[in-house]
Every structure is written in C-alpha cells, then in structure tokens.
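Good morning, and thank you for coming. Today I would like to walk through one structure, moving from a ligand site to the helices and then to some local details of the backbone.

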Amino acid sequence: MQQTPNSTGLVDPFQRRIDYVRVSVTDRCDLRCNYCMPKGFDGFHEPEEWLSFDEIARVVAAFTRLGVQRIRLTGGEPLVRRNLPDLAARLSALAGLQDLSLSTNAVRLDKYAEALKRAGIGRVNVSLDSLRADRFAQITGGGKLHKVLRGLEAAHAAGLSPVKINMVAMGGVNDDEIEDMVAFCAERDFTLRLIETMPMGDTGRQASGQYLDLQTVRQRLARRFELIPDLLPGGGPARYYRLAGSNTSIGFITPISQHFCETCNRVRLAADGTLYLCLGQDHSYPLRPLLRAGADDAELEAAIRAAIAIKPERHEFRERPEKVIRFMSMTGG
Ligand code: SAM
Ligand code: SF4
C-alpha cells in the first residue's frame with residue numbers, strides 16, 4: 001500500500017530534521033577491533049532480545065512514514081545475522097525509502113555481495129584500517145586481510161557503488177599507511193573516509209591514546225596530493241576533498257577535533273530495539289517493550305516522536321570522554 005510520509009516529519013528540539021536511521025541488526029561481530037569491542041567480551045544480548053526482522057521492518061516503516069529516507073544496516077557485524085538479504089529486501093520495498101546501505105567489515109561480503117545488491121542495498125561502507133596482513137590481524141584481533149580484499153572485489157563486481165573505506169586513523173598504529181590507503185582507493189575508485197577515534201567504552205577510550213587530529217593529516221596529505229573541496233550527496237558528517245585526476249574522494253570525520261553535531265540528522269536503533277539519540281550520550285528510548293505489547297502504528301509513531309524530542313544537542317567526547325560506557329558495537333556505529 002502506498003504510504004504518504006507524515007508531512008511534519010521529524011524535527012528535534014534544536015531544529016534538526018531527522019531523516020536518517022542506522023539500524024543495528026546484531027551486537028555480535030566476527031572481529032575484535034581493539035578500539036571497538038574488547039577481546040573475550042561476552043556480554044552480548046541474547047538473540048531473543050534482538051528485534052526480529054518483522055519488528056525491524058515495522059520500526060523502519062514507521063520512520064519512513066515520518067519522513068526518514070535513508071537507512072544504513074550496521075552492527076556489530078551485520079553479516080553475522082542470518083538471512084540479512086531477506087531483511088534488506090523487505091526494507092528496500094518500503095515506500096519513501098530512497099537509500100539503503102550497509103556498514104560491514106567485509107569478512108563475509110564475498111558470499112553476500114550479489115544477494116545484497118539484488119535485495120536493494122545500493123552501497124557499502126567497509127572498515128579497513130591497514131593493508132598489511134600482520135597489522136590488520138593485530139588491530140582486528142586476528143582478522144584475515146585477504147578475506148576483506150575478496151569481499152571488496154565482490155562488492156565491486158556486484159555493482160555496489162560507491163564503495164567507501166572507513167579507516168580509523170591512529171597515531172603510531174596505522175598513520176604511516178594513510179598515503180598507501182589513498183593510493184589503494186584511487187586505483188579502485190573507492191571513496192576513503194578517515195575517522196578520529198571516539199572514546200566509546202573502555203576500548204574506545206584506550207584507543208583515544210592513539211588519537212590523531214585529522215586536521216593535521218589533511219594538511220599532510222595536501223602536501224603530497226592535490227585535494228579539491230568536494231560535496232558528496234549523502235556525505236553526512238565527513239568533510240570531503242576530491243583527489244585531483246581521480247574518481248576518488250577523501251572524507252575526514254572529525255568528531256573530536258571539529259564536531260559536527262549542529263548538522264546531525266540521525267538516530268540509531270540498537271539490535272535490542274533501544275533507540276539511541278546520540279552516539280556520545282545516554283539519551284535513549286526503548287521501543288521493544290512497545291512492539292512486544294502489541295502497540296499499533298500510531299503508538300509506535302508517537303513513541304518515535306517522543307524519542308526525537310529528547311535528542312541532546314551534542315556529544316561531549318572531548319569534555320567528558322569518560323562518559324560513554326557503551327562500546328560502538330552496542331550502539332551501532
Ligand atoms: N562491523 C561493521 C564495520 O566495522 O564497519 C559495522 C559496525 S562498526 C561499529 C562501524 C564503524 O564504527 C566502523 O567503521 C568502525 O571503524 C567504527 N568504530 C568503532 N569503534 C570506534 C571508535 N571507538 N572510534 C571511532 N570509530 C569507531
Ligand atoms: Fe566488529 Fe566493526 Fe567493531 Fe570491528 S569495528 S569489532 S568489525 S563491529
């Protein structure tokens with residue numbers, strides 16, 4: 001049935017229009033990136049606490065009726081959730097949804113790329129912090145680089161486009177590889193997004209010891225490459241530069257050195273149905289009890305509006321780095 005978006009849409013108390021939701025389908029992962037999830041962590045939600053595909057589809061449908069046009073599936077690692085393409089197919093069929101994308105570590109992407117594309121996933125963001133197998137394994141707690149590279153090839157072959165590489169830039173860990181990563185992306189027409197470490201959970205805080213100010217990295221890259229300021233559709237919080245003579249853009253995501261909260265347009269639905277209003281604050285609204293108590297669509301929409309009404313103005317990663325006890329994998333990065 002054709003749905004007409006509710007004309008008033010979702011606007012938070014700071015007059016920001018919310019039109020983007022990140023949907024985490026699991027808090028589990030087959031890697032252990034050392035800034036994200038601790039080694040040996042086993043405090044995961046039980047699968048019965050995860051929203052079912054039916055429940056996720058209901059929530060996303062409610063968001064689209066309220067004017068949300070873009071959804072990103074994330075986690076944890078979304079490809080460890082069984083039958084993910086089935087969920088993607090259901091979401092991409094929703095009227096009003098214009099952009100369905102996926103964040104993944106790409107370990108399993110070679111197996112799923114084609115099915116995901118057929119199911120309506122348009123584009124993928126892939127985490128890749130190093131092109132050196134030993135270093136990659138060290139950062140990810142034993143991950144196999146060749147699997148990620150195979151996954152990237154499969155994404156390209158399946159026509160998932162653009163492919164964006166997310167590289168968390170860490171001083172003394174992988175900062176000597178940023179130029180290599182630029183070249184790797186330029187050869188493949190991938191977009192590169194460099195990310196500052198955020199103090200989320202103990203792991204994120206420890207990694208913040210290796211925090212690298214991306215403003216200085218941009219100056220360093222500008223000495224070697226010609227960078228032309230660029231605007232990418234759906235570019236989100238990244239500040240983009242096109243690499244002259246290539247189809248590659250480089251985005252700088254600087255939550256610490258230059259926060260971008262005033263343009264925040266997103267909220268995050270965690271795997272257990274908690275709606276998080278900000279990556280760096282505790283403000284949240286539990287939707288699962290409502291769904292399981294048989295709430296109708298109007299009640300669900302009212303709950304979403306009530307949640308948006310408590311979206312905080314900004315994170316305080318810099319002023320209060322001790323604040324966020326959730327790991328990124330719990331919120332849905
Ligand atoms: N597993 C998928 C992946 O790695 O792309 C999706 C989830 S992951 C939590 C999403 C993104 O969050 C990744 O690009 C990862 O590098 C980033 N991330 C995780 N912890 C972070 C931290 N403490 N600071 C900055 N970025 C972080
Ligand atoms: Fe897993 Fe992604 Fe977190 Fe790495 S960043 S541990 S791949 S969820």
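Let us begin with the shell around ligand 2, which by class holds 4 nonpolar residues, 2 polar residues and no charged residues. Which residues surround ligand 2? They are C29, L31, C33, C36, G76 and N105.

How high is the mean pLDDT of the protein chain? The mean is 90, and 90% of the residues reach 70 or more. Residues 1-5 are a stretch to treat with care, as the pLDDT there is below 50. In the model, this stretch has 8 contacts beyond near neighbours in sequence. Where pLDDT is low, the predicted coordinates should not be read in detail.

I now turn to the helices, starting with α1, which covers residues 53-65, and α2, which covers residues 84-92. Their axes come within 10 Å and cross at roughly 30°. An angle under 35 degrees counts as roughly parallel, and α1 and α2 are therefore roughly parallel to each other. As for handedness, α1 passes α2 in a right-handed crossing. Which residues of the two helices meet? From α1 there are F53, D54, I56, A57 and V60, and from α2 there are L84, D86, L87, R90 and L91. Sorted by class, this contact has 7 nonpolar residues, 3 charged residues and no polar ones.

Helix α1 also packs against α10, which spans residues 297-308. Here the angle is about 70°, with the axes 10 Å apart. Angles from 65 to 115 degrees count as roughly perpendicular, so α1 and α10 are roughly perpendicular to each other. On the α1 side, the contact is made by R58, V59, A62, F63 and R65. On the α10 side, D297, L300, E301 and I304 take part. This contact of α1 with α10 divides into 5 nonpolar and 4 charged residues, with no polar residue.

The next pair is α3, residues 109-118, and α5, residues 145-158. Their axes come within 8 Å and cross at roughly 20°. By the under-35-degree limit, α3 and α5 are therefore roughly parallel to each other. The crossing of α3 and α5 is right-handed. Helix α3 contributes L109, D110, A113, E114 and K117 to the contact, while α5 contributes R150, G151, A154, A155 and A158. By class, the contact of α3 with α5 has 5 nonpolar, 1 polar and 4 charged residues.

Finally, I would like to point out two details of the backbone. Which two residues are joined by a cis peptide bond? They are S161 and P162, and omega is about 0°. P162 is placed in the loop between α5 and β5, the latter being residues 163-168. The other detail concerns Q15, which has a positive phi of about 65° although it is not a glycine. Q15 is found in the segment before β1, the strand of residues 20-24.

That concludes my presentation, and I thank you for your attention.

Methods: Residues numbered from 1 in each chain as written. Chains lettered and ligands numbered in written order. Predicted model: local features only at pLDDT ≥ 70, side-chain atom pairs only at ≥ 80, totals over all residues. Heavy atoms only, no water. Axes fitted to C-alpha atoms, helices over the stretch in contact; angles between N-to-C directions. Helix = DSSP H or I, 4+ residues; strand = E, 2+ residues; numbered from the N terminus. Parallel < 35°, antiparallel > 145°, perpendicular 65-115°, else oblique. Left-handed = near helix turned anticlockwise from the far one by under 90°. Contact = heavy atoms within 4.5 Å. Nonpolar A, V, L, I, M, F, W, Y, C, P; charged D, E, K, R; others polar. Near = heavy atom within 4 Å. pLDDT = per-residue confidence, 0-100.
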